[in-house]
Amino acid sequence: MRPGERSMFYCAPEKSIGYAKLSKTLRDMQKKKADAGAIVAKSCCGNQTTGYCDLDKLTGESLIFEFDLLSVEQPGEYTKQIWTMTTEEKLVLATELREKGNQHFKDKELELAENCYAKGIGALEQLGLKEQPHSEEWDTIEDLKLPLLLNYSQVKICQKRKKYPTATLR
């Protein structure tokens, strides 16, 4: 495919069995963000409905997916998503994010610092999930995560102090 082209993919019913449930989950997540506190329809007791009529009609049907290619990025031209990184790449990323976060904090760019620390914590959390708790590898990951957690906490405290300048910590 080239940028600007469209492709259509046929998906047999036995291959698209989870599509309605996935789509329901994504819609419910968006609904929760849009109207926090709203009641979301749930199915129970073997009820096979999704709560969305259009999705219920798709269950057991062949589906055709259309994709428009917007652009092509060559290796090295894009930032890898954390879940696609190797263990070594995640460790390097966490260290780099901590350093960037520290610089943002010094420059009083609290929101940028918060984002750096949160991404670094997320990368290390993913690594920790693969390890046996209290193993040597797990302990190393936890040791790397601690400064990020402390820095993240410091940023949150500073943000609160900016928002509520007369507040005191106890």
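Me: Why is glutamate 66 called partly exposed?
Reply: Its relative accessibility is 47%, and buried means under 20%, exposed over 50%, with partly exposed in between (1.4 Å probe, protein chains only). So 47% puts glutamate 66 in the middle class.

Me: What am I looking at, by the way?
Reply: A predicted model, where local features need pLDDT of at least 70 and side-chain atom pairs count only at pLDDT 80 or more, while totals for chains, interfaces and linings use all residues. Residues are numbered from 1 along each chain as its sequence is written, and side-chain values use heavy atoms, leaving out hydrogens and water.

Me: Where does glutamate 66 sit, and what does it touch?
Reply: It's in strand E2; strands (E, at least two residues) and helices (H or I, at least four) are DSSP runs, numbered from the N terminus. Leaving aside neighbours within four places in sequence, glutamate 66 is in contact (heavy atoms within 4.5 Å) with Arg6, Ser7 and Met8. Methionine 8 is 58 residues away in sequence, yet the two C-alpha atoms are 4.4 Å apart.

Me: What makes the link from glutamate 66 to arginine 6 a polar contact?
Reply: Their side chains come to 3.4 Å. The limit is 3.5 Å between N or O atoms; within protein, one must be able to donate a hydrogen and the other to accept it, and sequence neighbours count only if both are side-chain atoms. So 3.4 Å falls within the limit.

Me: How many aromatic pairs turn up in the whole structure?
Reply: A search finds two.

Me: Why is the pair of phenylalanine 9 and phenylalanine 67 called edge-to-face?
Reply: The ring centres lie 5.5 Å apart and the planes meet at 70°. Rings of Phe, Tyr and Trp (its six-membered ring) pair if their centres are within 6.5 Å; planes under 30 degrees apart are stacked, over 60 edge-to-face, the rest tilted. Because phenylalanine 9 is in strand E1 (residues 6-11) and phenylalanine 67 in E2 (residues 63-68), the pair ties together parts 58 residues apart in sequence. Phenylalanine 9 is partly exposed at 43%, and phenylalanine 67 is partly exposed at 45%.

Me: What about tyrosine 19 and phenylalanine 65?
Reply: This pair is edge-to-face, with 5.4 Å between centres and 70° between planes. Tyrosine 19 belongs to helix H1 (residues 19-34) and phenylalanine 65 to E2, so parts 46 residues apart in sequence are tied together. Tyrosine 19 is partly exposed at 30%, as is phenylalanine 65 at 27%.

Me: Which residues of H3 are buried?
Reply: Lys90, Leu93, Ala94, Leu97, Gly101 and His104. They cover an arc of only 105° around the axis, so they're on the same side of H3; the arc is taken from the directions from the axis to the C-beta atoms. Glu88, Glu99 and Lys106 are exposed on the other side. The buried residues of H3 pack against H4 and helix H5 (136-163).

Me: And what does the side chain of glutamate 109 make a polar contact with?
Reply: The side chain of histidine 104, at 2.7 Å. Glutamate 109 is in the loop between H3 (87-106) and H4 (110-130), and at 31% relative accessibility it counts as partly exposed.
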